[in-house]
Amino acid sequence: MDFVVAFALLCLFTMEPWRVLSQQQQRLLVNMTLVPNARASGALCLDGSLPAYHLHRGFGAGKDNWLLQFEGGGWCNDLKSCLERATTRRGSTRYMTKWEVFSGILSNSATLNPDFYNWNRVKLRYCDGASFTGDAVFTNKTTTLHFKGQRIWEAIIRDLLPQGLGKARKALLSGCSAGGLATFHHCDAFAKYLPTNASVKCLSDAGFFLDERDISLNHTMRYNFKSLVQLQGIEKNLNRNCTRALYFPDLCFFPQYALRYISTPYFILNSAYDVFQFTHILVPPSADMRGHWKHCKANLAECTTEQIDTLQGFRLDMLGALRPFYMNSRRGGMFINSCFAHCQSELQETWFGDDSPRINNKTIAEAVGDWYFSRNLSKEIDCAYPCDATCHNLIP
């Protein structure tokens with residue numbers, strides 16, 4: 001599918017400049033751990049390889065605290081795209097890098113990650129193509145595809161529980177992009193794995209994908225998610241209260257419908273002008289066949305007045321979808337900025353630094369820490385573009 005390929009290119013161009021910068025600094029590299037018992041439960045990547053995670057141990061006062069971060073990387077919603085994905089690092093641990101850089105929310109530096117640096121930090125590798133929610137198998141005479149994201153999630157948790165997760169005092173389940181979406185679907189289940197007296201909370205970074213019509217008034221993203229839910233057998237793993245409440249239960253894959261049924265404290269980190277949503281929900285290639293938005297996507301200075309108005313309308317729709325959470329969630333938090341970005345928690349430059357994005361002079365790391373540790377009310381909403389001078393790397 002075109003939107004999957006384009007998503008990969010987006011990640012390449014947004015992540016690589018910062019990767020070059022981080023290579024100039026001392027990096028924390030963490031080795032991959034395969035989950036050997038996963039095969040017995042059928043918890044396999046698309047190509048049948050074992051799932052994996054990267055664990056960096058906590059220390060000192062944080063040795064009993066755990067942070068689990070879902071990796072992101074788009075989805076595959078038909079056989080063609082899933083077959084292609086199975087031959088890449090997005091569908092197989094065989095093609096993944098064996099060492100991962102831990103930065104931002106995963107950093108072990110008190111200077112760079114003041115609230116979570118000494119926790120046990122885990123990155124869950126993404127190889128199922130459905131935000132860790134699928135449970136089906138496709139097979140024919142020549143090919144087998146394992147849609148087993150739900151079982152992968154459960155297998156990794158079972159592997160971590162005896163390593164100390166089962167005795168956690170504090171825990172945070174987080175994720176970026178498709179991984180951020182995964183936190184909506186696993187947040188309450190995560191809390192049930194842990195001691196009843198543990199402080200368990202969840203964070204989604206760039207995972208609040210909006211159920212929004214595109215500029216041609218088509219529900220492109222709704223169709224993509226519907227086909228994904230059907231292909232990978234996801235519906236049975238969605239929140240049951242949500243699926244019972246909606247006439248179209250597959251809509252519960254969208255965070256805006258699932259959020260009200262999550263009881264665990266939750267934090268939503270998102271750009272109101274999320275780059276992926278701009279280019280794939282609001283203006284997908286199928287809605288801009290003549291390329292009227294090509295220059296605007298590449299350079300905001302080249303957007304017409306009408307295009308800027310359309311972007312402002314998208315922001316208002318996102319804030320409208322978040323309004324019930326903002327008004328009614330007493331234990332929730334949010335940081336909705338106006339930077340044209342996608343994923344801000346794993347990049348040191350956006351998570352916590354001298355020139356990191358801010359709302360009311362508060363960085364993302366400070367906002368998340370204030371919320372998790374109940375230091376201050378932490379529901380930050382930015383003014384509309386282009387008012388925020390702390391944004392950088394606006395459009396890749």
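Mentor: Take the hairpin formed by S6 and S7, which has 4 residues between its two strands. Everything that follows concerns a predicted model. Strand S6 covers residues 136-139 and strand S7 covers residues 144-147; they pair in the antiparallel sense over 4 bridges. Within that pairing, Thr139 stands opposite Thr144 in S7. In general, strands of a sheet pair through backbone hydrogen bonds, and the pairing is either parallel or antiparallel.

A parallel example is found in the pair made by strand S3 (residues 65-70) and strand S5 (residues 120-124), which is joined over 5 bridges. There, Leu68 has Val122 of S5 opposite it.

Helix H8 (residues 275-282) packs against H10 with the two axes 12 Å apart and an angle of about 105 degrees. That angle falls within 65 to 115 degrees, and H8 and H10 are therefore roughly perpendicular to each other. On the H8 side the contact consists of Gln277, Phe278, Ile281 and Leu282; on the H10 side these meet Thr310, Leu311, Phe314 and Met318. By class, the residues of this contact are 6 nonpolar and 2 polar, with no charged residue.

Helix H3 (residues 149-160) and helix H4 (residues 178-193) have axes that come within 12 Å and cross at roughly 25 degrees. Since this is under 35 degrees, H3 is roughly parallel to H4. The crossing of H3 and H4 is right-handed. In the contact, Gln150, Trp153, Glu154 and Ile157 of H3 meet His186, Phe190 and Tyr193 of H4. The contact of H3 with H4 divides into 4 nonpolar, 2 polar and 1 charged residues.

The whole structure contains 8 disulfides, and one of them joins Cys187 to Cys202, with the sulfur atoms 2.1 Å apart. The torsion about its S-S bond is about 100 degrees, so this disulfide is right-handed. Cys187 lies in helix H4 and Cys202 in strand S9 (residues 199-205), so the bond ties together parts that are 15 residues apart in sequence.

Two backbone details remain. The loop between S9 and helix H5 (220-232) contains Ala206. Ala206 has a positive phi of about 60 degrees although it is not a glycine. In the segment after S14 lies Pro386, and the peptide bond from Tyr385 to Pro386 is cis, with omega near 10 degrees.

Terms used: Residues numbered from 1 in each chain as written. Predicted model: local features only at pLDDT ≥ 70, side-chain atom pairs only at ≥ 80, totals over all residues. Heavy atoms only, no water. Pairing = 2+ DSSP bridges. Axes fitted to C-alpha atoms, helices over the stretch in contact; angles between N-to-C directions. Parallel < 35°, antiparallel > 145°, perpendicular 65-115°, else oblique. Left-handed = near helix turned anticlockwise from the far one by under 90°. Contact = heavy atoms within 4.5 Å. Nonpolar A, V, L, I, M, F, W, Y, C, P; charged D, E, K, R; others polar. Disulfide = S-S within 2.5 Å.
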